[in-house]
Amino acid sequence: MTGNIFYFLAFLTLFAAIGVVASKNPVYSVLFMILTFFALTGQYILLNAQFVAAVNFIVYMGAIMVLFLFVIMFLNMREDTEQHKPLMSKIAAAISGGILLVIMVAALKDVDAGGYNAENFNSQIGLVEHLGQVLFRDYLLPFELASVLFLAAMAGAVMLGKREPGEQNRF
Amino acid sequence: MTSIILLSIFGIVNLFLGFMKSKRVLLPIVMVFLAVALAAAVRDWGQLNTYFGNFNTMMNMDNFAVAFSSVMILSALFILPFSRSYAVGENANLAEYYSLLLFSLVGGIMMVTYENLLMLFLGIEIMSVSMYILAGSDKRNVLSNEASMKYFLMGAFFTGIILFGIALLYGATGSFSLPIISAAAQALEPGTAPLLLMGLLLVLVGITFKVGAAPFHFWTPDVYDGTPTIFTSYMSTVVKTAGIAAFYKLLSAAFGGVYEQWFPTVVAITVLTLVIGNVGAVAQTSFKRMLAYSSISHAGYLMIALTAFNERSENAILFYSLAYAVATIAAFGVLKYVSDARGSNDYEAFSGLGRTNPLLAFVMTVAMLSLAGIPLTGGFFGKLFLFSAALEQDMVWLIVVAVLMSAVGIYYYFRVIIAMYLRDAVAERVPVDSLGTFTLISLVVLTVIMGVLPGLFSGLL
């Protein structure tokens, strides 16, 4: 049963991901992306990672996708205004991407991914309590230092977005 | 650890200092901040400080880390005086620029101290995010916008590749920790661990992008060209030093036992980088673009020590990073003064500089000689140490390639010297402030000291 759900979700993920790249209308791309994230959320639940699933659901499918739609609305992108790549670069990209795919499939097809042992499997592993303990005990230092990353990104975003003296808002 | 905490706090303090009426005071204050951070980093010399336990070690402040952190902070300290024109011009965003530089140094130190791939990833991200923003700091300039956008998109893509690699390594070994990965890598039969090798390959590709080595160098010329000169000099010295040190640490601490597995890949990247960097630099008409290609080629020289991978490598990389950083900062410093005064980054802008500004021309000459690897400069001994590390592994053919490419390098480094001394002056004297003069002279003195008394720096690690 779980295996079938996995294959269905994997198919859905791949289908939607290809849809993101292939669809000409950016709004369709975003909708396909929401479907991709939805399928991924299902995978997280199968992996017993409920917290990550909830966060993925709320943050990615909710907040970030709304942001995407807003940006597309503001940019007012349409099919005819979109720039198209020349055919040569499309072919080149397809060939180099295909080579990478072949290499990765060839290298990874024999991997023994390892099963799980039902006896000592901890079903609580993906819950908030366990996650919090790992985050604040084992990975406390990276967790704290991530704040520097966000601070830098925030200061930079404000700096780039701030109106300079003598500049006028165009919206 | 002290230096990381200090730099983070200084960065925040500096953001608040930006509220002051005059921006002029920021420059001396930030220089003091960096000097304090440098002292804090050097204080850890000779002792091994491990952070966060034995089982889950996150970072190791050993001599390797202290040495490379010091090179990075010192480079930043040498770069800052050239931002004086921003301070005098009361640039509205000066405090943010300096804060981003301080934050990116935090990332740089994480990249040389990490014992856990999570720390490596965070360090790379902190450093890169700051650089994406600084690349676009000249908001009204289209080239700067292009540089920022290109760097951000490519950087984000390669971040994804690194993460994928780290995930595969986790799948193969069950840990992010370097010692555990190292043990697991040695325990596996060679050639039968595709997950591990694939992960290693992807992480390698990601870091290769960050140091700007071929074939992942395509962003370098455009980004370096469009970025404001002062941040270009930061990218090509501090970011490169951090990247190459992180690369060495990854290969030695986690994959030292499977040298045969990654050797062909790394040696191919090295040769490709050397050839593309040097041959690409020949064709440039812009001095700044030439320096961008030159930074690719120097990544190639540094990677010779990675391919050699013996007990000489660490010291060779350290010495070469320092010599390269000092010479490059001097070259970019002179370029900044010349392009500010003459409005161009081309070779022609340097015409007759030997007559109008003998000091600037002399500094540039020494920097070019050092980058080309002429004796009596730091660059000569830097290359000598790299080549002797390679010689110990009997990689004569690699040295032959590198020496041939250095000969190509002499051609394009000497073009600017010829322009400065043998062409007629196109413009007036270039104005230079006293702080900049002092910095340029100290850089020249340091280059010559490294060229005459290399023993002072060569056996540190």
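This is a predicted model: local features need pLDDT of at least 70, side-chain atom pairs count only at pLDDT 80 or more; totals for chains, interfaces and linings use all residues.
Helices here are DSSP runs of H or I with at least four residues, and strands are E runs of at least two.

View 1. Along the principal axes, the C-alpha atoms of chain B fill a box of roughly 70 × 55 × 40 Å.

**View 2. Inside chain B.** Among the contacts in chain B with a separation of 6 or more, 80% join residues 24 or more positions apart.

**View 3. Where chain B meets chain A.** On this interface, 23 residues of chain A are in contact with 27 residues of chain B. At least two residues of the chain B side come from each of helices H1 (2–17), H5 (94–113), H6 (117–135) and H9 (194–211) of chain B. H6(B) gives the most, with 8 residues. By type, the chain B side has 18 nonpolar, 6 polar and 3 charged residues.

View 4. An unreviewed UniProt entry places "transmembrane region" features in chain A, including residues 6–23 and 30–47. Residues 6–23 of chain A are 94% helix and 0% strand, with end C-alpha atoms 25 Å apart. For residues 30–47 of chain A, the end C-alpha atoms lie 26 Å apart, and the span is 94% helix and 0% strand.

**View 5. The domains of chain A.** The domain assignment gives domain 1 (1–79) and domain 2 (127–165) of chain A. Their C-alpha centres lie 24 Å apart.

Note on methods: Residues are numbered from 1 along each chain as its sequence is written. Chains are lettered from A and ligands numbered from 1 in the order in which they are written. Two residues are in contact if their C-beta atoms, placed from the backbone, lie within 7 Å. Ala, Val, Leu, Ile, Met, Phe, Trp, Tyr, Cys and Pro count as nonpolar, Asp, Glu, Lys and Arg as charged, and the others, Gly among them, as polar. UniProt positions are given in the numbering used here, feature names are shortened, and annotations may be inferred rather than shown by experiment. Domain bounds come from an automatic or database domain assignment.
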